[in-house]
Amino acid sequence: MFIRKYQVPDCEEIAALFYNTVHIVNAKDYTKEQLDVWATGQVDLEKWNQSLQEHYSIVAVENGVIVGFGDIDKTGYLDRLYVHADYQGKGIATAICNQLEQAVQGDITTHASITAKPFFEKRGYKVVEEQQVERQGIFLTNFCMKKSR
């Protein structure tokens, strides 16, 4: 596996990875209804590409396949961190997160899913607050977490 900077042609593959990861990996912590509003399968590729280009965004690649991706903005907000369902538990999220955290100065904040919360806690993030996020009238629990440096 190697990690490289995000490139525009990656966007569609990343969007598919996001959808599949949410619907497979997060299914143990969220209902089908919640998963459907979180990852609708209708990502606005133009908006995603724009935000991925504005942030420090990286992808993990193995055998020519993107197996994970993440991005962080200049303020230290870690926006997205997703690993392909077939590549969970192989250190990919850790490798991506290490690079994202090194890309910014100061504290780092993220909004972690129930599924991702233990991963971030192991990295020293603390829960600031539990949140109920509404999408299309459906509520999803996540956690605003912060890592002080």
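Trainee: Why are H1 and H3 called roughly perpendicular to each other?

Mentor: The axes of helix H1 (residues 11-25) and helix H3 (residues 45-54) cross at roughly 105°. Angles of 65 to 115 degrees count as roughly perpendicular, those under 35 as roughly parallel, over 145 as roughly antiparallel and the rest as oblique, so H1 and H3 are roughly perpendicular. Keep in mind that this is a predicted model, where local features need pLDDT of at least 70, side-chain atom pairs count only at pLDDT 80 or more, and totals for chains, interfaces and linings use all residues. Residues are numbered from 1 along each chain as its sequence is written, and side-chain values use heavy atoms, without hydrogens and water.

Trainee: Which residues of H1 and H3 meet?

Mentor: Cys11, Glu12, Ile14, Ala15 and Phe18 in H1 meet Leu45, Trp48 and Asn49 in H3, where contact means heavy atoms within 4.5 Å. By class, that contact has six nonpolar, one polar and one charged residues.

Trainee: What makes strand E2 largely enclosed by the rest of the structure?

Mentor: Buried means under 20% relative accessible area (exposed is over 50%, partly exposed in between; 1.4 Å probe, protein chains only). Five of the seven residues of E2 (residues 56-62) are buried, so this strand is largely enclosed.

Trainee: How do you know that E2 and strand E3 pair?

Mentor: Two strands pair if DSSP finds at least two bridges between them. E2 and E3 (residues 65-72) have seven, in the antiparallel sense, and Glu62 stands opposite Val65. Strand E1 (residues 2-5) is joined to E2 by four bridges, also antiparallel, with Ile58 as the bridge partner of Lys5.

Terms used. Helices (H or I, at least four residues) and strands (E, at least two) are DSSP runs, numbered from the N terminus. Axes are lines fitted to C-alpha atoms, for helices over the stretch in contact, and angles run from 0 to 180 degrees between N-to-C directions. Ala, Val, Leu, Ile, Met, Phe, Trp, Tyr, Cys and Pro count as nonpolar, Asp, Glu, Lys and Arg as charged, and the others, Gly among them, as polar.
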